[in-house]
Amino acid sequence: MAGGGSARAHGHDVFDIHPPKRWHVRTGQIMGAIMWFWVLYRARQDGPVLLGWRHPWDHDGHGHGHSHDHDHDHSHSSTENLKAHH
């Protein structure tokens, strides 16, 4: 079994692998970098929730454009609020 010889002589086809083109290598590196930037960004955003450090419904003040400064009275008496606003 040891020794030289071509693969074709043993009944196997020879598969010649060509080196990749430079643009294939560069495109793969760029796509890999984009993927890792996205993974790290999402880990920063969702990591505490996935690790159980924070609940997804807890808002830490990182606003999404929602303002809580309304002119309405936010007391728990909903009947009084409805009468006052109508």
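These are my notebook entries on a predicted model of a protein of 86 residues.

**Ground rules.** I note that the model is predicted, that local features need pLDDT of at least 70, that side-chain atom pairs count only at pLDDT 80 or more, and that totals for chains, interfaces and linings use all residues. Residues are numbered from 1 along each chain as its sequence is written, and side-chain values use heavy atoms, with hydrogens and water left out.

**Overall make-up.** I looked up the secondary structure and found 2 helices and 0 strands; helices (H or I, at least four residues) and strands (E, at least two) are DSSP runs, numbered from the N terminus. I then looked up burial, where buried means under 20% relative accessible area, exposed over 50%, and partly exposed in between, with a 1.4 Å probe and protein chains only. Of the 86 residues, 3% count as buried. The protein exposes about 8900 Å², and carbon and sulfur atoms supply 60% of that area. Accessible areas come from the Shrake-Rupley method with a 1.4 Å probe, and for residues only the protein chains shown count as cover.

**Helix α1 and its kink.** I recorded that α1 covers residues 22-50. A kink of about 50° lies at R44, shortly before the proline P48; the bend is the angle between axes fitted to the seven residues ending at a residue and the seven starting there. After α1 comes G52, with a positive phi near 85°.

**V49.** V49 belongs to helix α1. I list V49 as partly exposed because its relative accessibility is 26%. Leaving aside residues up to four places away in sequence, V49 touches R54, H55 and P56, a contact being heavy atoms within 4.5 Å.

**The nonpolar patch.** M35, W36, V39 and L40 make a nonpolar surface patch of about 410 Å². Patches are made of residues with over 30% relative accessible area and no salt bridge; like charges are joined within 9 Å, and nonpolar side chains (Val, Leu, Ile, Met, Phe, Trp, Tyr) within 5 Å. M35 is placed in helix α1 and, at 42% relative accessibility, counts as partly exposed.

**The aromatic pair.** I found 1 aromatic pair. Rings of Phe, Tyr and Trp (its six-membered ring) pair if their centres lie within 6.5 Å; planes under 30 degrees apart count as stacked, over 60 as edge-to-face and the rest as tilted. W38 and Y41 are 3 residues apart in helix α1, which means about one helical turn between them. W38 is exposed at 53% relative accessibility, while Y41 is partly exposed at 41%.

**The salt bridge.** I counted 1 salt bridge, defined as a side-chain nitrogen of Lys or Arg within 4 Å of a carboxyl oxygen of Asp or Glu. The side chains of D46 and R42 form a salt bridge at 2.6 Å, N to O. D46 and R42 are 4 residues apart in helix α1, so about one helical turn separates them. D46 is partly exposed at 30% relative accessibility, and R42 is partly exposed at 31%.
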